[in-house]
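Biologist: Could you go through this model with me slowly? I would like to hear about the parts that touch one another.

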Number of protein chains: 2
Amino acid sequence: MTADVDYLNRYDASRFPSPLVTVDSVLFTLHQQSLCVLLVERAAPPQQGLWGLPGGFIDMQQDDGTRATALRKLTEKTGIVPSWLEELGTVSGPGRDPRGWSLTVAWFALIAWEDCEPHIATVSDARWVPVEQLGDYALAFDHGDIIQMALSRLRQKTMYSLLPVYALPACFTHGQLQEATEIILGQPIQRKSLIRRFEASGMFEETGESAATGARKARLWRRKPGVDIHLFSRNLLAD
Amino acid sequence: MTADVDYLNRYDASRFPSPLVTVDSVLFTLHQQSLCVLLVERAAPPQQGLWGLPGGFIDMQQDDGTRATALRKLTEKTGIVPSWLEELGTVSGPGRDPRGWSLTVAWFALIAWEDCEPHIATVSDARWVPVEQLGDYALAFDHGDIIQMALSRLRQKTMYSLLPVYALPACFTHGQLQEATEIILGQPIQRKSLIRRFEASGMFEETGESAATGARKARLWRRKPGVDIHLFSRNLLAD
DNA sequence: GTAATAGTGTCTTTGAGACAGTATCTT
DNA sequence: AAGATACTGTCTCAAAGACACTATTAC
């Protein structure tokens, strides 16, 4: 290892050509019965004026990993920290960015509409787009593909976990979770199955409060602090 | 988009500091009742002499993505193309490589021992290490963590797919698949459950041949050409 | 024949799907 | 009381777990 000292003294990273590295996030939320993605209008070239994912370059001074980069960019746009953030994967190649060989680390996030709505309304270059309307937008680079990757991951994971809770406010009812799950999957699910899983997951506790969202008051629940997401060994909608 | 032309003429990637980008692979195989990982002795600094994952820098002339980089490096070491290769994720940060802020795209691969054994024997700086013996090796960077990520992904995926077939030769018996699965999971599984899945997957066809691996001859199977891996909606060993 | 591995039959168990039934709230 | 939503009970169904059983080969 002492050989390293010598080597590192002579090492100059800038001598080696290296790909352009960016970090982009697919941030989902639920609003008005629709699954929405946050898009940002590109203010500078390349592809100025097109819509794309929130993201950008790594700040090597500040960021201690690409998760930090993703969080920093998302917080700039939404004003809050997403309650779920996981790595989706990378896309790379010589042709996807006109500036040259590039690599993007894509992240995938969920947020409650209620939590960020006040802030996002003030940002004119960011917009929540329902997934069904994505076709109306000219998307930059391969961001359309990345969004499709994220969508399929979101739907897959919804089948074997209660991921949709991360798109709900801190306190919520069974009915809200069912609605969120159905919007994400695009089809109705059995309430009974959902509640069975809800109990079995051990992820939640009652607040004691109840909410009058419908005719009868519904109990309110919250995530137990510090409890990890539970993965089920069977899928919902397994046919 | 015409604004891009001007912009790109003036664009010089080397003006921006960028992280060190590498691609590393965790290549698994099965040998003598053990799950093994391919390790390579580092021939040059940093961390010369330590053992690490096969990998290296992207060749921006040749590689059309990090998958190509991973394949190129694996083929150099093993002489063959792995039958399974998927992206594991990235690790990044300022402290993991002494040369500075770095990012590694990690890939995860499976190969049949029989297919690469002749070649690997001739390469003195590469070695198959049974996972139980990883503790005996001083591993470079955070390669130990990456191997653990790969191991848990491999085991997880083995629970809801027949991934272990990719660690078998082109023709194999039910018994070999069961053995492979049990080695990977580290515990016995029900042969009946495995065969039920095997049939249901639609991934395989009989060769017509049979092999005398044990007392009674066993039928030989192969993967149907062009058929994708089947994902089950329930896990094996769900307790 | 025996021993050993290959392969099948079938009962149990688990958890999702379906849906009827009861409870509680607003009007 | 009526109507709506919240919640429960319970039957069916699909696939895994368990394990006994039969089949084929080597010796």
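Biologist: What distance separates the centres of domain 1 of chain A and domain 2 of chain A?

Modeller: Bearing in mind that this is a predicted model, the centres of those two domains of chain A, taken over C-alpha atoms, are separated by 27 Å. Domain 1 of chain A covers 16–158 and domain 2 of chain A covers 162–223, and the contact between them takes 15 residues from domain 1 and 13 residues from domain 2.

Biologist: How much area do domain 1 and domain 2 of chain A bury between them?

Modeller: They bury about 1,400 Å² between them, and 70% of that is on carbon and sulfur atoms. On the side of domain 1 of chain A, L30(A), Q33(A) and T158(A) supply 40% of the area buried against domain 2, which is more than any other three residues give.

Biologist: And how many salt bridges and polar contacts are there between those two domains?

Modeller: The count of salt bridges between domain 1 and domain 2 of chain A is zero, while the rule finds three residue pairs in polar contact across that interface, both residues of each pair being at pLDDT 80 or more.

Biologist: Which element gives the most to the domain 1 side?

Modeller: That is α4(A), with four residues on the side of domain 1 of chain A that touches domain 2 of chain A. By class, that side of domain 1 has eight nonpolar, four polar and three charged residues.

Biologist: Changing topic to the two chains, how many residues of chain B are in contact with chain A?

Modeller: In chain B, 36 residues are in contact with 36 residues of chain A. The area buried between the two chains is about 3,300 Å², with carbon and sulfur atoms giving 65% of it. Within chain B, M60(B), W101(B) and S233(B) lose the most area to chain A, and together they make up 18% of what that side buries.

Biologist: What about salt bridges and polar contacts there?

Modeller: Across the interface of chain B and chain A the rule finds zero salt bridges, but it does find nine residue pairs in polar contact, with both residues at pLDDT 80 or more.

Biologist: Which elements of chain B supply at least two residues each to that side?

Modeller: Those are α1 (3–10), β1 (20–31), β5 (84–93) and β6 (102–110) of chain B, and the largest share, five residues, comes from β5(B). Taken as a whole, the side of chain B that touches chain A divides into 19 nonpolar, eleven polar and six charged residues.

Key:
Residues numbered from 1 in each chain as written. Chains lettered and ligands numbered in written order. Predicted model: local features only at pLDDT ≥ 70, side-chain atom pairs only at ≥ 80, totals over all residues. Heavy atoms only, no water. Contact = heavy atoms within 4.5 Å. Buried area = accessible area lost by both parts, 1.4 Å probe. Salt bridge = Lys/Arg side-chain N within 4 Å of Asp/Glu carboxyl O. Polar contact = N/O pair within 3.5 Å; in protein donor to acceptor, adjacent residues only side chain to side chain. Nonpolar A, V, L, I, M, F, W, Y, C, P; charged D, E, K, R; others polar. Domains from an automatic or database assignment.
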